[in-house]
Amino acid sequence: MARSKFLASVVAVVLAGGIVSGCSGSRDGVLRQNLDQFTAEEIYKRGEFELENTRRPEDAVFYFSEIERLYPYSEWARRALIMQAYGHHKAANYEEARGAAQRFLDTYPGDEEAAYAQYLLALSYYDQIDDVGRDQGLTFQALRSLRTVIEEYPDSEYARSAILKFDLAFDHLAAKEMEIGRYYLKRGHHTAAINRFRVVVEEFQTTTMTPEALMRLVEAYLALGLLDEAQTAGAILGHNFQSSPFYEDAFRQLRGRGLSPEMRGESWLTNIYRQTIQGRWL
């Protein structure tokens, strides 16, 4: 009876904002003293309540972290650790989310929630991917972590989502190369532009950026007077993306010079043509 009254009084204080107001003094004082008197399950449920009913997931993380402090190595501590990772991610505290997720993986590598921990770790990178104009280091980290989900947990419920996000992140990197290539092309730095478009064609050929990369190669090679390369790029574009508006543009450019899209000469593009169209890999 006394325990029930005490719990009710603490919950009342929490709901009034006195405990989860964000004040470190409140947490370190009243809250820590009070939580010592509750079971791990009761504290866990309080953390769940914060996640579901408030807009401060940081407060939920506090409760889950207290379970680790008060009940280390317990089943509730294991569950609370994965919830810490989730709570941090929900609060957009991505570095902390990665830390909690990695701790879970290090402590419980064979646990059934390991796939989710790895997925949360990957999301903590993926959700930080900024616009194309910024450094893409986080994109590489996201790709690596998503690949881990796909390869190590292929039968998990997170694998399909990881595959979709992997494709989007991969496309994001290709878009970065295209942005730089367009920048060089616009300023007449054709060789530098070609190097960027080549990366897209060779390393990101499964992305949505490939048709434009091939069209830009036609444009850049024509500007340099390298007609064989321009025609070969047009041939690859026409064979794989004939319905694309980029092919129409490339075809117009070639016809304007009295040329047609066909494999010509010997270059890195003729190797691409032989491999992807003729199936000759040797």
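Is Tyr158 buried or exposed? Tyr158 is buried, with a relative accessible area of 17%. Buried here means under 20% relative accessible area, exposed over 50%, and partly exposed in between, with a 1.4 Å probe and protein chains only.

This is a predicted model: local features need pLDDT of at least 70, side-chain atom pairs count only at pLDDT 80 or more, and totals for chains, interfaces and linings use all residues. Residues are numbered from 1 along each chain as its sequence is written, and side-chain values use heavy atoms, with hydrogens and water left out.

Start with the whole chain. The protein chain has 14 helices and 0 strands. Helices (H or I, at least four residues) and strands (E, at least two) are DSSP runs, numbered from the N terminus. Of the 282 residues, 45% are buried. The accessible surface comes to about 14,800 Å², and carbon and sulfur atoms hold 49% of that. These areas come from the Shrake-Rupley method with a 1.4 Å probe; for residues, only the protein chains shown count as cover. Take the contacts (heavy atoms within 4.5 Å) between residues at least 6 apart in sequence: 61% join residues at least 24 apart.

Next, the interior. A nonpolar core is a set of buried Ala, Val, Leu, Ile, Met, Phe, Trp, Tyr and Cys residues joined through side-chain atoms within 4.5 Å. The largest one has 76 residues, and Phe64, Ile67 and Leu217 have the most contacts inside it. Helix H7 (residues 114-126) gives this core its largest share, 11 residues. Leaving aside residues up to four places away in sequence, Phe64 touches Tyr44, Gly47, Glu48, Leu51, Ala80, Met83 and Gln84. Phe64 also forms one aromatic cluster with Tyr44 and Trp76.

Now the rings. The structure holds 10 aromatic pairs. Rings of Phe, Tyr and Trp (its six-membered ring) pair if their centres lie within 6.5 Å; planes under 30 degrees apart count as stacked, over 60 as edge-to-face, and the rest as tilted. Phe62 and Tyr63 are edge-to-face, 5.9 Å centre to centre with 70 degrees between the planes. Phe62 counts as buried at 10% relative accessibility, and Tyr63 is buried at 1%. Tyr119 and Tyr158 are stacked, because their ring centres are 5.3 Å apart and their planes lie at 25 degrees. This pair links distant parts of the chain, 39 residues apart: Tyr119 is in helix H7, and Tyr158 is in the loop between helix H8 (137-152) and helix H9 (159-186). Tyr119 counts as buried, at 9% relative accessibility.

Two rings carry a charge over them. The criterion is NZ of Lys or CZ of Arg within 6 Å of the ring centre and within 35 degrees of the ring normal. The charged end of Arg79 sits over Tyr44, 4.9 Å from the ring centre. The charged end of Arg98 sits over Tyr125, at 4.3 Å.

Finally, H11 and H14. H11 is largely enclosed by the rest of the structure, because 11 of its 15 residues are buried. Leu217 is one of them. The cover includes H9, H10, H12, helix H13 (245-256) and H14. Just after H11, Gly225 takes a positive phi of about 80 degrees. In H14 (residues 268-276), Trp268, Leu269, Thr270, Ile272, Tyr273 and Arg274 are buried. They pack against helix H10 (190-203), helix H11 (210-224) and helix H12 (227-240).
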